[in-house]
Amino acid sequence: MDAVAARTRQDPPARRLPLLFLGFLCLVAGVSGGLARAGFREAGVLPAAVALHGVVMVSAFFGTVISLERAVALGRIWGYAAPLACGLGGIALIAGAITAGFWLLAFGAAVLVAASVVFARRAPSLEAIVLAAGAACALTGNLLVALGAIPVAVTGWWIAFFALTIGAERLELSRYMPRPRAAHWAFAAIAVSLVASALGPLALTGFALLALAGWLLAYDIARKTIHGSGLPRYIAVCLLAGYAWLALGGALLAQHAAPDAALHAFFVGFVFSMVFGHAPVIVPAVLRKALPYTPWLYLPLALLHLSLALRVAGGLAGADGLRSAGSAGNALAIALFLATAATQVLRFSAPRTAQAAS
């Protein structure tokens, strides 16, 4: 631990800002591409950002952010090759260098796998093994696309990446939650089913997601912290709302119903709800800047879920107007969350900086 701390001190957070900026560019391009796909063509988005909206969001933006968090925790310089490759891969895709972009994303995922294996060897546990399995799923999906597979054909691998990564993190954070021994084995079985289902139709993935949603709703510590106040309650609201979307997305996939609604229930309702909830914990770890809680964080969270409900309803009913309105609301919610978080970080940092100068 001392060696890791020493390496972390030699790696000032300012050096991570360019990597975050790459991720931010991928996020802007991915969201803009999604808006264009939803009917907002006047945005003037590059064609590749529209055609590869899912890849840019999943493998470039989230690949950069997740692998950066893992690299910071790893405390080794080579770990930063993962967010760098994912960020540059996304930029390459947006610029039209498709082949180079896909291979950069595959390389970034490979480094993420290596970092995850190091963690699993340092402290062997179910959650560490599942995290490594999730990274391997990301690598499989990215590698298949680099070898010529169409992105929609590897969606199951990318879903497994997020489901396993988030599930493993929640398992670790809820380790003090009382639960029967059978729950441990049930989680392991769900993890195996998520990997196995990626080899088959998305309906199988849907059933695995339903099982994961049931496990999280039954055993996550959010069931307890929802009765608290302040930040713990806010995080719990984010988590429980996300688990509801996870269940809905799984149910829709299992029934082969409204694929657009099902995938956005998962990737927006579940994944982004986890991002909103975990940001106050992740930002200090990555940037060494506190993200203090404010009730204003509920505003983008509410907008995210209300607009997603519109989008999903539009997808189920075949109403393009509702789907477009929901997409715009999703984009606005993400922008509002980033603005709120940045304001909180800057407000908290400014007084400390002034005091240090005096």
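Asn142 is found in helix 7, and in this predicted model the residue is buried, with a relative accessible area of 5%. Setting aside residues up to four places away in sequence, Asn142 touches Ser59, Phe102, Leu105, Ala106, Ala109 and Trp158.

**Helix 7 against helix 8**

- Helix 7 spans residues 126–146 and helix 8 spans residues 155–173, and the axes of these two helices come within 8 Å of each other while crossing at roughly 165 degrees.
- Because an angle over 145 degrees counts as roughly antiparallel, helix 7 and helix 8 are described as roughly antiparallel to each other, and their crossing is left-handed.
- Leu164, which has its place in helix 8, is buried at a relative accessible area of 2%.
- The contacts of Leu164, not counting residues up to four places away in sequence, are Val130, Ala133, Gly134, Cys137, Ala191, Leu194 and Val195.
- Leu164 and Phe276 lie 112 residues apart in sequence, and the distance between their C-alpha atoms is 18 Å.

**Helix 8 against helix 10**

- Helix 8 also packs with helix 10 (residues 202–219), here at an angle of about 10 degrees and with the axes 11 Å apart.
- Since angles under 35 degrees count as roughly parallel, helix 8 and helix 10 are roughly parallel to each other.
- On the side of helix 8 this contact is made by Thr155, Gly156, Ile159, Ala163, Arg170 and Leu171, and on the side of helix 10 by Leu202, Thr205, Leu209, Leu212, Trp215 and Leu216.

**Ser197 in helix 9**

- Ser197 has its place in helix 9, which covers residues 181–197, and with a relative accessibility of 4% this serine counts as buried.
- Once neighbours within four places in sequence are left aside, Ser197 is in contact with Leu204, Thr205 and Ala208.

**Helix 2 and the residue after it**

- Helix 2 (residues 17–37) has 21 residues and reaches 30 Å from its first C-alpha to its last, which is close to the 30 Å expected at 1.5 Å a residue.
- The buried residues in helix 2 are Leu19, Leu22, Gly23, Cys26, Leu27, Ala29, Gly30, Val31, Gly33, Gly34 and Ala36.
- An α-helix has 3.6 residues a turn, so residues three or four places apart point the same way.
- Just after helix 2, Gly39 takes a positive phi of about 120 degrees.

**Pro292 in a loop**

- Pro292 has its place in the loop between helix 13 (259–287) and helix 14 (298–317), and with a relative accessible area of 24% this proline is partly exposed.
- Not counting residues up to four places away in sequence, Pro292 touches Gln344 and Phe348.
- Pro292 and Leu303 are eleven residues apart along the chain, and their C-alpha atoms are separated by 20 Å.

Conventions:
Residues are numbered from 1 along each chain as its sequence is written. This is a predicted model: local features need pLDDT of at least 70, side-chain atom pairs count only at pLDDT 80 or more; totals for chains, interfaces and linings use all residues. Side-chain values use heavy atoms; hydrogens and water are left out. Helices (H or I, at least four residues) and strands (E, at least two) are DSSP runs, numbered from the N terminus. The expected span of a helix is 1.5 Å times one less than its number of residues. Buried means under 20% relative accessible area, exposed over 50%, partly exposed in between (1.4 Å probe, protein chains only). Axes are lines fitted to C-alpha atoms, for helices over the stretch in contact, and angles run from 0 to 180 degrees between N-to-C directions. Angles under 35 degrees count as roughly parallel, over 145 as roughly antiparallel, 65 to 115 as roughly perpendicular and the rest as oblique. A crossing is left-handed if the near helix is turned anticlockwise from the far one by less than a right angle, and right-handed if clockwise. Contact means heavy atoms within 4.5 Å.
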